[in-house]
Amino acid sequence: MTLCVLVIPRGIAQGAAQADDSTLGVGDTLSVAQAGESATTFANATASTTQAVSDSGASLQKAQTRSITVSDPDPVVLLSAVDMGNVDTIQAAAQVGTTNPLPTAPLIQPDMSEEGWMSGEASAYSVSDCINADPDNPDAGRLTASGRAFSDSGVTVAVPQGQEYLLGRAVEINYNGITVVATVTDTGSFGSKYGRVLDLAGGVYKAFGYSSSSDWGVHTVSYRFL
């Protein structure tokens, strides 16, 4: 009796689909790779956005800085006294300087090279020097040649007789670095007698630092009619 043995070879059964080991895990690897690329792209995009925001913030800050920047004030001439009793003198004074400069404004001297500047000796006078003046009422002195009452506190001057055409004019006077804008209100004989160019009232010589007309005496000043 013959014994038949069925031998089944080890391996893949016939008729079964052959698996391709080379494809195993590719999908998983690809997903991981794509995820990495996406993360890198996201990081790059985030960095770009962050930089853009930073640049925008810097630009905004610069714009805000520019918007609040104030230019330095222009240099000005400080006027120590101005005749506030004459509108024309006030307007003329505003063209040459100010009595109230900004704290940061550079202070300069008038440009004496400009046309119109002259120099000469100036005397001073007070109510007590005036004929028929009331020594007990220094602010009620005689009327000047312009018709305005003379006052020991007035920022006014007299010019020599013969220069009546200057009555009412503003005059800028500079002495020892101090500038005053006064009004011509009077005339006197001091020009022909003593060769002086101006006679100063109290508001002028006091602005220059002198307490009385005798204290002032005679000094050389620079001046121009405005």
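Modeller: Here is a short tour, starting with the fold. Keep in mind that this is a predicted model.

Colleague: How many helices and strands does the chain have?

Modeller: There are 5 helices and 9 strands. Starting at the N terminus, the order is α-β-β-α-β-β-β-β-β-α-β-α-α-β.

Colleague: What share of the residues is buried?

Modeller: Of the chain's 226 residues, 31% count as buried. As for contacts with a separation of 6 or more, 71% come from residues 24 or more positions apart.

Colleague: On to the pocket. How much space lies in the largest one?

Modeller: The largest pocket holds about 280 Å³. Its lining has 17 residues.

Colleague: Which of them lie nearest the centre?

Modeller: Tyr125, Asp129, Gly188, Phe190 and Asp199.

Colleague: And which element gives the most to that lining?

Modeller: That is β7, with 3 residues. Strand β4 (118–124), strand β7 (178–188) and helix α3 (190–194) each supply at least two.

Colleague: How do the lining residues divide into nonpolar, polar and charged?

Modeller: The lining has 7 nonpolar, 5 polar and 5 charged residues.

Colleague: Now the packing. Which residues touch the most other members of the largest nonpolar core?

Modeller: Val157, Ile173, Leu198, Leu200, Val204, Phe208 and Trp216 do, in a core of 23 residues. At least two residues of this core come from each of β4, β5 (156–160), β6 (170–175), β7, β8 (198–200), α4 (202–207) and β9 (219–225). Apart from it lies another core of 8 residues, including Val82, Ala92, Ala170 and Val181.

Colleague: Take Leu200. What does it touch, leaving out residues up to four places away in sequence?

Modeller: Leu200 touches Ala122, Ser123, Ala124 and Tyr125, among others. Its list also includes Thr156, Val157, Ile173, Tyr205, Phe208 and Trp216.

Colleague: Which side chains does the Arg224 side chain make polar contacts with?

Modeller: One is Glu114, joined to Arg224 by a polar contact of 3.0 Å. Another is Glu172, at 2.8 Å. Beyond four places in sequence, Arg224 touches Val96, Glu114, Glu115, Gly116, Trp117, Ala170, Val171 and Glu172.

Colleague: Now the loops. Where does Asn86 lie?

Modeller: Asn86 lies in the loop between β2 (79–82) and α2 (87–96). Asn86 is buried, with a relative accessible area of 16%.

Colleague: What lies 3.0 Å from a polar atom of its side chain?

Modeller: The backbone nitrogen of Thr89. Not counting residues up to four places away in sequence, Asn86 touches Arg148, Gly168 and Thr183.

Colleague: Last one, Asn176. Is it buried or exposed?

Modeller: Asn176 is exposed, because its relative accessible area is 68%, and exposed means over 50%. Asn176 sits in the loop between β6 and β7.

Colleague: And what is its phi?

Modeller: Positive, about 50 degrees, although Asn176 is not a glycine.

Methods. Residues numbered from 1 in each chain as written. Predicted model: local features only at pLDDT ≥ 70, side-chain atom pairs only at ≥ 80, totals over all residues. Heavy atoms only, no water. 1 Å grid on protein atoms, 1.4 Å probe; cavity = no way out; pocket = protein on both sides within 12 Å on 5 of 7 lines; lining within 4 Å. Points joined across faces, edges and corners; volume = space filled by probe spheres on them. Helix = DSSP H or I, 4+ residues; strand = E, 2+ residues; numbered from the N terminus. Nonpolar A, V, L, I, M, F, W, Y, C, P; charged D, E, K, R; others polar. Core = buried A, V, L, I, M, F, W, Y, C linked by side-chain atoms within 4.5 Å. Buried < 20%, exposed > 50% of the residue type's maximum accessible area, 1.4 Å probe, protein only. Contact = heavy atoms within 4.5 Å. Polar contact = N/O pair within 3.5 Å; in protein donor to acceptor, adjacent residues only side chain to side chain.
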